[in-house]
Amino acid sequence: MSSSSSTPAKPRLRVGIAGLGRLGKRHAEALAFGNRHCQLVSACSPVPSELDWAREQLGVGRCHASFDTFLDDPELDAVVLVTPTSLHADQTMAALRAGKHVFVEKPLALNVEDCERVQAVAAEHPNQVAMVGFVRRFDPSYRRAAQRIEAGELGRPFLVRSQTCDQNDPEGFFVRFAPTSGGIFMDCSVHDIDLARWLLGRPKALRAFATGTIALHPGLAECQDVDNGLAIVEFEGGARAVFYASRTLPHGHETTTEVIGTAGTLQVGFGAHADRLELRSAAGVSHAVLPDFHARFEAAFQQEMAEFVAACRGERQLSLTLADATEATRIGLAITRSLRSGMPEAV
Ligand SMILES: NC(=O)c1ccc[n+]([C@@H]2O[C@H](COP(=O)([O-])OP(=O)(O)OC[C@H]3O[C@@H](n4cnc5c(N)ncnc54)[C@H](O)[C@@H]3O)[C@@H](O)[C@H]2O)c1
């Protein structure tokens with residue numbers, strides 16, 4: 001076909017980011033430099049130094065302290081929300097009503113009613129994408145795990161054991177983060193909860209039991225939170241899940257998942273090696289460990305954003321739904337209620 005009769009290239013998706021903290025900066029870099037189908041055109045944060053960073057490091061032209069002004073931009077197609085969890089639901093609904101596609105970080109909201117309100121507003125805007133950032137679904141190892149389960153290699157999967165464990169931060173980031181995060185289960189285990197539902201075939205959760213302890217960060221008690229938490233969830237049909245979350249690993253970040261089925265067991269992420277180097281000496285065997293969640297999931301974050309951009313451009317359908325995010329919140333809340341009551345709680 002001659003160039004004169006070929007279809008003109010689709011314009012790049014014009015994206016704005018709200019929230020430029022620990023994760024927001026990483027998403028902003030990926031949007032600015034990591035995807036040729038989008039351009040990062042604007043940013044929003046109440047913190048002036050964060051906007052200076054976006055302007056100077058990423059060349060972002062339009063920087064807003066106000067979320068309303070940020071949304072009131074006709075030359076913006078999509079927004080990426082990496083703001084405190086307590087703001088997710090209201091900001092997602094406002095962005096959908098302003099005509100934007102929305103990517104919002106997990107969890108979608110800190111109560112089920114807010115999740116359902118977002119779902120209702122999204123249903124009123126069927127031509128806009130609304131996606132929640134369950135990044136592990138975009139990780140190559142977890143994707144292969146899901147494919148092998150789907151292919152029947154585990155027989156009937158009936159048990160998931162999954163953990164999200166962060167390296168201890170003696171500066172106390174997690175204590176400052178706790179008032180808006182929803183607690184360790186809503187913040188960390190919500191990933192494992194989504195994985196368990198995904199890998200077990202989306203069974204309905206019935207009951208949850210949780211316990212926990214504060215090993216290093218007494219400041220968490222003020223938010224009724226813990227720095228090490230354990231939970232068990234029972235699903236309809238006999239499947240079960242066990243979750244462990246920690247803020248206090250001395251050596252690095254460890255996200256691991258085991259799925260046990262009638263014909264086999266599958267493990268993802270054990271060992272947490274940062275690279276392929278192992279030192280064997282008289283002192284023993286050692287290797288470097290992944291420092292944090294971003295180092296572990298960098299490729300998955302890139303893929304997640306690529307799929308969001310492609311969905312906004314009408315090039316693919318997303319398999320992850322808002323209803324999945326609502327269920328993850330519903331289960332995370334039952335676990336959190338159980339942590340506080342000390343009793344099993346209905347989901
Ligand atoms: N997918 C993952 O693995 C993963 C990992 C880390 C964090 N998260 C999620 O990302 C979100 C942010 O977490 P974080 O660790 O980056 O937190 P953070 O506290 O480091 O950053 C929050 C950012 O939001 C900004 N902000 C606050 N109020 C705002 C407002 N009204 N409008 C716009 N910006 C506002 C702050 O200035 C800051 O830049 C949380 O919801 C968290 O659950 C997800």
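## Exercises on helices and loops

Arg-202 sits in the loop that runs between H8 and strand E8 (205–213). Helices (H or I, at least four residues) and strands (E, at least two) are DSSP runs, numbered from the N terminus. The model is predicted: local features need pLDDT of at least 70, side-chain atom pairs count only at pLDDT 80 or more, and totals for chains, interfaces and linings use all residues. Residues are numbered from 1 along each chain as its sequence is written, and side-chain values use heavy atoms, with hydrogens and water left out.

**Exercise 1.** Describe the backbone and accessibility of Arg-202.

*Solution.* Start with phi. For Arg-202 phi is near 60°, a positive value in a residue other than glycine. Next, accessibility. Arg-202 counts as partly exposed, at 43% relative accessibility. Buried means under 20% relative accessible area, exposed over 50%, partly exposed in between (1.4 Å probe, protein chains only).

**Exercise 2.** Check the length of helix H5 (residues 112–123), then find what covers its buried residues.

*Solution.* The expected span is 1.5 Å times one less than the number of residues. For the 12 residues of H5 that gives 16 Å, and the end C-alpha atoms are 16 Å apart, so the two agree. Now list the buried residues: Val-112, Cys-115, Val-118, Val-121 and Ala-122. Their cover includes helix H4 (88–97), strand E6 (130–133) and helix H10 (322–341).

**Exercise 3.** How do helix H6 (residues 140–150) and helix H8 (residues 184–199) pack?

*Solution.* Take the axes, which are lines fitted to C-alpha atoms over the stretch in contact, with angles from 0 to 180 degrees between N-to-C directions. They come within 10 Å and cross at roughly 25°. H6 is therefore roughly parallel to H8 (under 35 degrees; over 145 is roughly antiparallel, 65 to 115 roughly perpendicular, the rest oblique). Next, the contacts (heavy atoms within 4.5 Å). Tyr-142, Arg-143, Ala-146 and Ile-149 in H6 meet Leu-195, Trp-198 and Leu-199 in H8. These residues divide into 6 nonpolar, no polar and 1 charged. Ala, Val, Leu, Ile, Met, Phe, Trp, Tyr, Cys and Pro count as nonpolar, Asp, Glu, Lys and Arg as charged, and the others, Gly among them, as polar.
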